[in-house]
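This report covers helix packing and nonpolar cores in one protein model. The sequence and structure come first.

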Amino acid sequence: MKDYDTLNDNEKRNMLASVANLYYNAEMTQNQIAERFFTSRSKISRMLKEARRLGIVEIKIKEPWERDTDIEQQFMEEFLLRDVRVIPTKETTGTLVLQKLGEVAAYYLDNLLDEHTILGMSWGNTMYHTVKAVKTSKNIPITVVPIMGAANVRKPERDSLDLSKELAAAYGGSYYYIYAPLFVNSVEVRKSLEEEPNIKQCLDLARHADIILTSVGSIEYKSWKDYLSTTDMKNLEKKGAVGHIGGHFYDQDGNEVKTPFVGKMIGLGIQDIKKTKNVICVAGLEMKAEAILGAIRGGYIKTLITDESAAKKILLLNKES
């Protein structure tokens, strides 16, 4: 093996194939292969990487559902996203579509998480279905933290606090609570609360998250009607708002729509979200297409997991505008 670097290209490829065959087919460990070839384990590791780089070894992971790879490729080319999953859905109800997206997102997320991961958690129905779909054999000390205060939702299990706890528990990790409501009475109260040690620590952690797991809301969905008056909603529509992420509204081009109540919200700012390394957005259904497109254009999301009908509508809207 010490003469490997002196071999010609054909001889090297034969050697790499032999090493790869022992590792992948004979299921020998890298140490065992190293002993057989009188070399180091690190050398074998480098050879296996080279075998993959040269196409001698091709690894194909068959995910447990269909994917529309043609549409995925269109998204990657048009929007320069980090990653995309588009799932053909035959489900007949919105709830079933969200459940399927949750399964896909949980599987996708499981392949990203390691013991050093800090994950920021949003809230809502899609996030609920994602967390409920988590089935993992990993036991790693991830850290999960909400990206906003406690929402006044009718079903507490869909709030970011409960979801953070449940997701962390699935991996044997730790979680944090923001002991404050999503909205307070004034900007002064918000500033004061955000200096409280617990809240400050949580928000600082969320700002340094490796991943934020979120969905986007649509003005059409009116998912914030419990917080905002009819007048507020109409004003948002007049200003061109099409969706929101992390409590922040934006228009069809992704520009933030300023609102008086955002200054009273305890949570990450929209620029904090935008700066995060990987914001995974799980969102589907045609009625959310405009909101998803606005979030993509604004650069608020890096990875998108959606369904085929929403994806086609997004591409059509993008072409029309």
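Contact here means heavy atoms within 4.5 Å. By that criterion, and not counting residues up to four places away in sequence, Val 216 touches His 244, Ile 245, Tyr 250, Cys 281, Ala 283, Lys 288, Ala 291, Ile 292 and Ala 295. The model is predicted, so local features need pLDDT of at least 70 and side-chain atom pairs count only at pLDDT 80 or more, while totals for chains, interfaces and linings use all residues. Residues are numbered from 1 along each chain as its sequence is written, and side-chain values use heavy atoms, with hydrogens and water left out.

A nonpolar core is a set of buried Ala, Val, Leu, Ile, Met, Phe, Trp, Tyr and Cys residues joined through side-chain atoms within 4.5 Å; buried means under 20% relative accessible area (1.4 Å probe, protein chains only).

| Core | Residues in core | Members include |
|---|---|---|
| Largest nonpolar core | 56 residues | Phe 75, Val 216, Leu 236, Ile 301 |
| Another core, apart from it | 31 residues | Leu 98, Leu 101, Tyr 171, Ile 280 |

In the largest nonpolar core, the four residues named touch the most other members. Helix 12 (residues 289-297) gives the most to this core, with six residues. Helices (H or I, at least four residues) and strands (E, at least two) are DSSP runs, numbered from the N terminus. Seven of the nine residues of helix 12 are buried, so this helix is largely enclosed by the rest of the structure. The buried residues are Ala 289, Ala 291, Ile 292, Leu 293, Gly 294, Ala 295 and Ile 296. Their cover includes helix 4 (69-79), strand 7 (241-245) and helix 13 (308-320). Gly 299, which follows helix 12, has a positive phi, near 75 degrees.

Methods
Buried means under 20% relative accessible area, exposed over 50%, partly exposed in between (1.4 Å probe, protein chains only).
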